[in-house]
Amino acid sequence: MNTQYSHSKKWRVVIPVIIIALVVAWYWFRPERLVTTRRVDEAFPVINDSATQILESGTFHSGTHPTEGTATIYRIENGSRVLRFTNFKTSDGPDVHIYMVVAEDATDNASVQHAAFVDLGLIKGNIGDQNYTLGSDLDLAKYHTVSVCCKRFSKNFGAAPLMPAAQSTR
């Protein structure tokens, strides 16, 4: 009888530990994000299009996940700069951030992690047009690539190497 009581007591400890481990694993990996979609369709943040200037632009290529669309940096009417994604699409995931990277391109995970980068924050959505404000101290002569990167797992979902644009407007 003592063994039966000991066996029952063991399961009272094991079952809660398993449940806690499953909750922690779900929170860390967020597997549902592999099949979810967060669509964003932000309007371009200007009133006067004639005062808008394209500074740099590039097309996304895939890294560890299929990624497509265009990244363009604009100087808008008040002199501030905006990074805009158009026709953008990538996988969703946990803790996905937008980085400006000091590299000509970011073709793999190491090229992002070993280069200097500025974190622009969490991605707004994995599909759609979206805007990110660039600080006035961000040196575009130094930061040549936009990377969509999973911060938690150091995975470069995709990147857009930027090229200077001619003096044109939106």
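Helices (H or I, at least four residues) and strands (E, at least two) are DSSP runs, numbered from the N terminus. This is a predicted model, in which local features need pLDDT of at least 70 and side-chain atom pairs count only at pLDDT 80 or more, while totals for chains, interfaces and linings use all residues. Residues are numbered from 1 along each chain as its sequence is written, and side-chain values use heavy atoms, with hydrogens and water left out.

The pLDDT, which is the predictor's confidence in each residue from 0 to 100, averages 87 over the protein, and 88% of the residues score at least 70. Among the elements, the lowest mean pLDDT, 73, belongs to helix H1 (residues 2-29), and the highest, 98, to strand S2 (residues 61-62). Where pLDDT is low, the predicted coordinates should not be read in detail.

Asn131 lies in strand S7 (residues 130-134), a strand that is mostly covered, with four of its five residues buried; here buried means under 20% relative accessible area, exposed over 50%, and partly exposed in between (1.4 Å probe, protein chains only). S7 pairs with strand S4 (residues 81-89) in the antiparallel sense over five bridges, where two strands pair if DSSP finds at least two bridges between them. In this pairing Arg84 stands opposite Asn131, and the side chains of Asn131 and Arg84 are also joined by a polar contact of 2.7 Å (a pair of N or O atoms within 3.5 Å; within protein, one must be able to donate a hydrogen and the other to accept it, and residues adjacent in sequence count only if both atoms are side-chain atoms).

An open sheet is formed by five strands in the order S2-S9-S8-S5-S6, with antiparallel pairing. S2 and strand S6 (117-122) stand at the edges, each with a single partner strand, so one side of each has no neighbour in the sheet. Within the sheet, strand S5 (residues 96-101) and strand S8 (residues 145-150) run antiparallel and are joined by six bridges; Val101 has Thr145 in S8 as its bridge partner.

The structure holds zero disulfides, a disulfide being a pair of cysteine sulfur atoms within 2.5 Å. The sulfur of Cys149 is 7.1 Å from the closest cysteine sulfur, in Cys150, which is too far for a bond.

| Residue | Relative accessible area |
|---|---|
| Asn131 | 9%, buried |
| Cys149 | 0%, buried |
| Cys150 | 2%, buried |
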